[in-house]
Amino acid sequence: RMDQALLLVRNELPAPGLNLAARSGACHQCLYQFLAFVPPSNESLRNPGTASVMVDTQHPLTLLLNSSVGDRDLCKIQYHFGEFGNYSLVVKTLSTSTQNVSCDLVISEGPINTYLPILFAFLVYMGILAILIAGRLLMKIDPVRNWVYKKLDPRATDRMINSELGSPNTTESINCDPTPNQWSTASRRRLHSLDTFRGLSLVIMVFVNYGGGKYWFFKHESWNGKLHFPSALFSRFVFIMGTSIALALGSMLRWGSSKWKVLRKILWRTFVLILLGIIVVNPNYCLGPLSWDNLRIPGVLQRLGFTYLVVAALELLFTRADSGTWEGRFPALQDILPYWPQWIFILVLEAIWLCLTFLLPVPDCPRGYIGPGGIGDFGRYPNCTGGAAGYIDRLLLGEKHMYQHPSSAVIYQTTMPYDPEGILGTINSIVMAFLGLQAGKITLSYKDQHKQIMSRFVIWGIVMGIISAILTKCSKEEGFIPINKNLWSISYVTTTACFAFILLLLIYYLVDVKKWWSGAPFLYPGMNSILVYIGHQVFANYFPFKWKMQDSQSHAEHLIQNLTATTLWVIISYVLYRRRIFWKI
């Protein structure tokens, strides 16, 4: 099967036989898991005992062979098996006069290269991009542009000639002063870098949710782990939501909306997001009426909704309708010092998270435990998945109202339900959105001062990186607080915020400062993010987003299907953009 290899163990030793166990390299401090019993040789080397097992190819494995009697370890082998490979492990004595045992791993049939489909897909998309860029450059050549317009629509040629000759336009004003409508448009000029940032995160999120070609590196880490695309997507979405809050609230207040009116809009949007989230995470289209007994309460949109409520209300409480320069002792901190009550609130929230995580007593679990449970930590705490975070969810929500298939169940073989969008982690998602809010305040405080904005993005990225290095000790498992997406640990927040500031800096420079990039194609889904996210969830199992495969064990087929579905949502968002259709809540 996919992500598996065949291992044939040949035992040329006499009785009593061997036990084969394995441990994944991605499983921290895990117990060895029994794979197979290998019968002994029948006193003749021509007829050794054999056993065949399927082994995982996603991560390196440590194989352990020991005697079935006496539990004596005979050999230990570390190896990263290749997908669809065929391997033989031959166990024999080096000579009849000694008891030394040799374990030789032989490749009977080589594995396949499962990464070629990714390379091919990359080349295809790069080819499409090259064609589009070439077409855009050609359209800047007057003869080519005129010929294309003439072929597409002869009347367009007349319009183009009239416009070049300066024919009168009823919308133009003789007065040199801008009309109120033009002034309004200029004042509300949208930062395309924010939509591009949001759209980039959303497109990758859609691809990952659709399966990511079934590649292991497009899946979330089982527990603690290095940061890669899937683990950082949701946090980047939360980050840019905070940035948008700063810009949107400031704009509404400057245009005369009262704070009570804005608050009502915040409450309504929160209600709609949470309601849509509950509907999306509990699809029951073909299974009859949904039972309230096992309704999942937390979810992505629910967390976004609650995070939005807290951060938007906090900003509304302390924001100013005027956007003038702050008159204070430290003008370089004009995006921080005027909002010191907000920072106190956020620091108090973080103190609550730390106290609950590391001081709350959890039945049958050590205080401050933040491990995965299951077979992790050598199986000492099998029912302690997530420590205080899991306990609070089970206590307040109930086990049946949580996510039943957490990522920790795959490698750590946990049996307890655990929700990665649970209650305690929402505190740190608020912190993440607040850091995004800070990015929005920077763009407002230093409006049109590109160097100031970019330098502050760099400073914030460095500060977040330093905090992450201290909390994690630059290690995967040995830090004070490891990076953990399931827990939304504070080190996860600071690390993803570091990369979010740097990524926003790059996109802002390319899109809004130099204007070298329009933001396409990510700009389009970024401007219709709610529609794309809900749509890709609702229609995930419908054609043309999914179809029956000829070979369900092929990464290539899964990759084609997932890329096709993701590309379709980009095309849909582009069509909606061209028709000026935007779904806002």
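Student: Is glutamine 561 buried or exposed?

Tutor: A word first: this is a predicted model, where local features need pLDDT of at least 70, side-chain atom pairs count only at pLDDT 80 or more, and totals for chains, interfaces and linings use all residues. Residues are numbered from 1 along each chain as its sequence is written, and side-chain values use heavy atoms, with hydrogens and water left out. Buried means under 20% relative accessible area, exposed over 50% and partly exposed in between, with a 1.4 Å probe and protein chains only. Glutamine 561 has 5% relative accessibility, so it counts as buried.

Student: Which residues does glutamine 561 touch, not counting those up to four places away in sequence?

Tutor: Find glutamine 561 in helix α17, residues 555-578. Helices (H or I, at least four residues) and strands (E, at least two) are DSSP runs, numbered from the N terminus. With contact meaning heavy atoms within 4.5 Å, the residues touched by glutamine 561 are Phe545, Lys546, Trp547 and Met549.

Student: Why is the pair of tryptophan 343 and tryptophan 460 called stacked?

Tutor: Rings of Phe, Tyr and Trp (its six-membered ring) pair if their centres lie within 6.5 Å; planes under 30 degrees apart count as stacked, over 60 as edge-to-face and the rest as tilted. A search of the whole structure finds 30 aromatic pairs. In this one the ring centres are 5.8 Å apart, and the pair is stacked because the planes are at 15 degrees.

Student: What is the angle between the planes of phenylalanine 457 and phenylalanine 501?

Tutor: These two phenylalanines are buried. Their rings lie 6.1 Å centre to centre in a tilted pair, and the angle between the planes is 50 degrees.

Student: Which ring does lysine 473 lie over?

Tutor: A charge sits over a ring if NZ of Lys or CZ of Arg is within 6 Å of the ring centre and within 35 degrees of the ring normal. Lysine 473 is 4.4 Å from the centre of its ring, which belongs to phenylalanine 480.

Student: In what order do the 4 strands of the open sheet run?

Tutor: Two strands pair if DSSP finds at least two bridges between them. β1 (residues 4-11) and β4 are antiparallel over 8 bridges, while the edge strands, β4 (49-56) and β8 (101-109), each pair on one side only. The pairing in the sheet is mixed, and the order is β4-β1-β7-β8.
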